[in-house]
Amino acid sequence: MTVSIRIPTVLRPQTGGAALVAFEGSTIGEVLNQMVAAHPGLAGQVFSADGSLHKFVNIYVNDDDVRYTGGLETPVASGDEVSILPAVAGGAA
Amino acid sequence: MAVYQSVLDLIGETPIVDVSALSPNPNVRILAKLEGRNPAGSVKDRIAKNLIEAAERDGLLIPGAPDQILIEPSSGNTGIGLAMVCKLKGYHLKVVMPANVSIERRQLLLVWGAEIIESPGSEGSNGAVRMAHQLAAEHPEWVFLYQYANPANPEAHYRTTGPEIFRDVPDLTHFIAGLGTSGTLMGVGKFLKEQNPAIQLWAIEPPSGEMVDGLRNLDDGYIPPVFTDNHGEQLLDRKTVVRPRESLEWTRKMIEVGLFVGISSGAIMAGAVRCASLIPEGESATIVTIACDDGWKYLSTGAWTDDLDEVVERAKRIIYF
């Protein structure tokens with residue numbers, strides 16, 4: 001199943017400038033592993049040394065943060081849109 | 001109506017209104033708590049009062065003493081709330097604020113006598129937080145309340161917002177609010193889960209990461225200590241991004257039920273609608289949302305009156321949440 005991933009500006013140097021990439025997998029973990037295999041510069045940005053998600057990266061499937069929907073096991077289906085967004089201080093504060 | 005001794009006594013006890021006319025699911029009620037009714041105009045009045053009173057209890061601030069200076073990073077509402085409280089109590093407030101906030105937010109700070117220190121707009125709220133830390137370190141004589149880490153922030157919601165919601169809507173099934181410092185969600189969420197662990201907590205956030213062009217490295221990232229100290233990842237049930245177009249569309253739809261609210265309230269309403277549409281057939285739910293502030297501070301963005309496509313583009317460049 002092919003899933004498209006939106007790459008934030010801060011990570012585009014690692015994808016040769018591409019804002020949108022597409023990879024296969026049935027869970028978000030599989031898709032992200034395919035992505036870092038193709039763009040090794042992303043590995044240390046997306047994952048911590050222990051293989052969990054980097055603390056300052058948020059991964060969204062159709063705008064839902066995967067930390068609350070099953071983590072790296074969150075299922076994905078064809079046509080799902082994945083976004084990677086850096087964790088930053090929020091808004092109206 | 002009672003006669004109040006001080007405007008500070010008017011903070012809290014905000015009304016909740018049924019906005020189910022906008023619910024996509026006839027079995028799901030959606031209720032909005034109108035925080036714009038607070039005297040300085042937003043939900044942040046609650047924490048402003050509590051942050052300052054906690055500092056007074058701790059001896060960091062001394063009521064009536066001269067030349068007491070506070071510094072705080074804020075993209076708007078906390079600064080405005082603090083500025084109002086400081087005006088009444090005689091403290092001098094410096095607010096570190098990103099350059100790209102609406103003109104009304106800047107003006108309101110000046111109305112209440114605060115001083116504005118601009119941080120680079122491209123660095124968003126992160127940049128304001130960083131600059132406030134630097135300035136506070138250079139001036140140890142200034143009081144740095146630091147809403148992102150101060151337990152008095154979630155405590156205000158644990159002690160007031162949460163109990164008000166549970167008293168007025170004891171049968172609520174979901175609470176949905178915006179995620180900034182996380183103070184509202186942590187404080188209200190903790191209180192509600194203690195009353196009924198089945199209540200679901202949803203956090204709504206803007207896609208801020210995309211707007212923050214100044215972010216050079218993911219290690220510049222930031223998670224508010226209020227979130228980690230309160231085990232936010234365990235407390236929340238769902239965290240979802242609402243993008244500018246949907247936020248603005250729902251800000252406009254709120255007019256249909258008589259509510260002229262700020263753009264973050266529209267984003268939260270969009271999240272509530274998403275939540276309502278996920279409730280399975282045959283089940284019912286009652287969602288309580290927070291309408292953080294009213295629309296006045298956003299009129300200059302043209303949010304209600306200009307072409308939606310143009311406003312969406314504009315919204316991507318300003319901090320509205």
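A crossing of two helices is called left-handed if the near helix is turned anticlockwise from the far one by less than a right angle, and right-handed if clockwise. Hold on to that, everyone. Today's model is a predicted one, in which local features need pLDDT of at least 70, side-chain atom pairs count only at pLDDT 80 or more, and totals for chains, interfaces and linings use all residues. Residues are numbered from 1 along each chain as its sequence is written, while chains are lettered from A and ligands numbered from 1 in the order in which they are written.

Let's begin with chain B. Its mean pLDDT (the predictor's confidence in each residue, from 0 to 100) is 94, with 96% of residues at 70 or more. For the complex, the predictor gives an ipTM of 0.91 and a pTM of 0.94.

Now, the crossing. Helices here are DSSP runs (H or I, at least four residues; strands are E, at least two), numbered from the N terminus. In chain B, helix 1 (residues 44-57) passes helix 2 in a right-handed crossing. Among the residues of helix 1 that meet helix 2 are Ile47(B), Ala48(B) and Ile52(B), in contact by C-beta atoms, placed from the backbone, within 7 Å.

Definitions and conventions: Axes fitted to C-alpha atoms, helices over the stretch in contact; angles between N-to-C directions. Contact = placed C-beta atoms within 7 Å.
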